[in-house]
Amino acid sequence: MRRFRDSLTTRGAAFLASGIVLVLAGLALGQHDLSRIGTALCALPILAGFLGRRHDLTLVVEREAHPSRLTIDEPAVVQMTITNPSATRSPVLFAEEHLDYSLGDRPRFVISALPAGVATHVEYAVRAHARGAHRLGPLGVRVQDPFGLTMRNASLSTHDELLVLPRIIGLSDGRALGRGLGAEGSVPHRVALHGEDDQSIREYRDGDDLRRIHWPATARTGELMVRQEDRPAKRRAVVLLDTRSRAHGGKGPTGSLEWAVTMAASAVTHLLDQGFAVHLLTPDAGQESGVREDSEADRALETLARAVPTDETGIGGLLHAASTATAQGGLIVALVGAVDDDAARALSSLRQPGGPGLAFVVDAGAFTGPGRNHGPEDLDPRATTAALSGAGWSVLAVEPGLGVADAWATVAGSRSLVGAR
């Protein structure tokens, strides 16, 4: 009964109420014709509700976004294929696609009656104003009887995901980037034969492409020799992102976490373009070690797109994983909040002697605002900045209004700003 009452439209409720009043008035006044009219008015909504329930609203919805991965404020088109898998014809449906608020208004459209096994195609445009994995769906549908007395609602539970990558800011080259001592990859053994000073040669192995045979070396040694395609050594870079909720302040696009994610994405992209072998380290409770490591651009950007504040009170796991990643030296970029003395010492020790260390220390209180209540457990970002600076790091305190490109230029050594340490 409650389900039927909820399905009544305003018109249906008025018909039912009027019918009940007429039935009661006809019985009280002895006017049987009036009672018959009231009975007819009551029967119409009930009949309409029964007719509306005879349709099967089980539809199959498939979505495909173009492009499937986009950046902030980039438009995308979502193409939907709606199929009627039942053996009966579906009714005309009013549909509304449920979207995350950051993707814009919910699109509404009409789905025409679909014969059994027939599909229709619908598309709508979205524009993401925030990074993250945004949900597309479920699709809500409703069917109304011809008299407009009842409305049946259903939700097609299938949903898809639209990944919005963080914004990438162009960064400048800096003097600090050229001081990295760590290398990753093999250094090929060079063999000089008949003037080919840069040719790497090795013995032939089963399965090698015959087109790679080096005939001068084969004639010299008497054995088949092929050109070696060793991976050249690359300078190594490790990027650490601290996502502890206590390390950041503010919310939304103006929060410090968004600033740090933008800086991490920009730094990873810039360093890869400069020929570095980049390793991004972020906390991830789903990993056995509690830390996720990404060394490919696509995976790193996807990880940053999904980054959310974590509840960890310390960054010991992240620093432990970083100690292994930085053991071979190289460039270290740390995006952290305030840490205690022990964590500051562990973080400082990640920079190998002679290697560059770039640190961006977030002042969470500055991003939260003057109304923030400071507790005794709050850590001072100035102490973290001083500890890293004393250990030879190039450090900058991050406050609201600081541009990502300017911060990088300052810490990397290509520019000087007030507040740089």
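W408 counts as buried, since its relative accessibility is 0%; buried means under 20% relative accessible area, exposed over 50% and partly exposed in between, with a 1.4 Å probe and protein chains only. This is a predicted model, in which local features need pLDDT of at least 70 and side-chain atom pairs count only at pLDDT 80 or more, while totals for chains, interfaces and linings use all residues. Residues are numbered from 1 along each chain as its sequence is written, and side-chain values use heavy atoms, with hydrogens and water left out.

**An aromatic cluster**

W408 belongs to one aromatic cluster together with W259 and F360. F360 is buried as well, at a relative accessible area of 0%, and W259 is also buried. The structure holds two aromatic pairs, tabulated below. Rings of Phe, Tyr and Trp (its six-membered ring) pair if their centres lie within 6.5 Å; planes under 30 degrees apart count as stacked, over 60 degrees as edge-to-face and the rest as tilted.

| Pair | Centre to centre | Angle between planes | Class |
|---|---|---|---|
| W259 and F360 | 6.1 Å | 55 degrees | tilted |
| F360 and W408 | 6.5 Å | 15 degrees | stacked |

Both pairs link distant parts of the chain. W259 sits in helix 5 and F360 in strand 19 (residues 357-362), 101 residues apart. From F360 in strand 19 to W408 in helix 11 (residues 404-412), the separation is 48 residues. Helices (H or I, at least four residues) and strands (E, at least two residues) are DSSP runs, numbered from the N terminus.

**Helix 5 against helix 6**

Helix 5 (residues 256-273) also meets helix 6 (residues 297-305): their axes come within 10 Å and cross at roughly 175 degrees. That makes the two helices roughly antiparallel, a class for angles over 145 degrees. Axes are lines fitted to C-alpha atoms, for helices over the stretch in contact, and angles run from 0 to 180 degrees between N-to-C directions. Helix 5 brings V261, A264, A265, V268, T269 and L272 to meet A297, A300, L301 and L304 of helix 6, where contact means heavy atoms within 4.5 Å.

Elsewhere in the description, an open sheet of three strands has the order 1-3-6 and antiparallel pairing. Strands pair if DSSP finds at least two bridges between them. Strand 1 (60-66) and strand 6 (119-127) are the edge strands, each pairing on one side only. From one strand to the next, the twist averages 20 degrees. Seven bridges join strand 1 to strand 3 (residues 75-83), and E64 stands opposite Q79 in strand 3.

How values were computed. Angles under 35 degrees count as roughly parallel, over 145 as roughly antiparallel, 65 to 115 as roughly perpendicular and the rest as oblique.
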